[in-house]
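I opened this model to look up its folds, its sheet and a few side chains. My notes are below the display.

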Amino acid sequence: MADDDLDSGVAVTPELMRIASGQFDLAVVQDLSLRGLGLSRLQGLHELTSLTSLDLSHNLLSHVEGLESLGPRLTRLDLQHNRLSSLEGLQGLTSLQTLLLQGNALASLAAAETALAALPALRVLYLQNRDGSGANPVCKEPTYQAAVRKRLAKLACLDGQYFLKDGLELSELRQRVCDVEPPQVVLPPSVPWIPDEDSYWDNVCLPEPKPGAAPVASRPEVQFKAAMFECQALLAKADSALQSAAKLEKAP
């Protein structure tokens, strides 16, 4: 089938969006995928008043249009593997943070930088994958990454490489951190949190003696506890004796 036949074939319509989203009310749709539908043109997107993420990848779009109404809300736009040779039509997407453009026909920075510079919230941009696949022709220019980063000062990720505001990549930062010797920390000697006395646990639950009170061993509560312990020991011996007697009675 010829390209002209494909280009005149499929357009975005409200009916198509309802089927793709599974929602009759397009105003409640927040995430919409129109991936791989052979789309050649966009229309009717103004009904998507809550949309934040739009996937238009693997279609036949040769230019961007009809996205103006999504500007205040759209934060992620996937245009991978279309036929885009320019980015005219992206202006007005003031909330767009992530833009995926791998596999298009962007041949020069001049065809893209004006539109990209008009995206104040853009932080993540892909013109090719991290391994170099899906590259636009512009990616063959040896200085294109430096030029894009210079033009888009607030960009945090380009082609899968994250970097800081001063241009330092995270991998370089990690290496610098690893090269720094950690400071030597000298810990003070440990100190017991309770006194090292045999009698500590015997008296820990008892109230402080009043001045002139009898010694601990002669206090009624201490004597009562001692008597209870002795009774428990006697009961244990009695149980053991009864069990032994029962075994003797059962023996032949």
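The entries go from the whole chain to single residues.

I am working with a predicted model, in which local features need pLDDT of at least 70, side-chain atom pairs count only at pLDDT 80 or more, and totals for chains, interfaces and linings use all residues. Residues are numbered from 1 along each chain as its sequence is written, and side-chain values use heavy atoms, with hydrogens and water left out.

Entry: overall. I found seven helices and nine strands; these are DSSP runs numbered from the N terminus, helices (H or I) of at least four residues and strands (E) of at least two. Of the 252 residues, 29% are buried (under 20% relative accessible area, with exposed over 50% and partly exposed in between, 1.4 Å probe, protein chains only).

Entry: sheet. I looked up the strand order and read E2-E4-E5-E6-E7-E8-E9, an open sheet of seven strands with mixed pairing. Strand E2 (31–33) and strand E9 (161–162) are its edges, each pairing on one side only. Strands pair if DSSP finds at least two bridges between them. E4 (residues 53–55) and E5 (residues 76–78) are parallel, with three bridges. Asp-55 has Asp-78 in E5 as its bridge partner.

Entry: Gln-128. Is Gln-128 buried or exposed? Gln-128 is buried, because its relative accessible area is 14%. I located Gln-128 in the loop between strand E7 (124–126) and helix H4 (144–151). Leaving aside residues up to four places away in sequence, Gln-128 touches several residues, including Gln-102, Cys-139, Tyr-144 and Asp-159; contact means heavy atoms within 4.5 Å.
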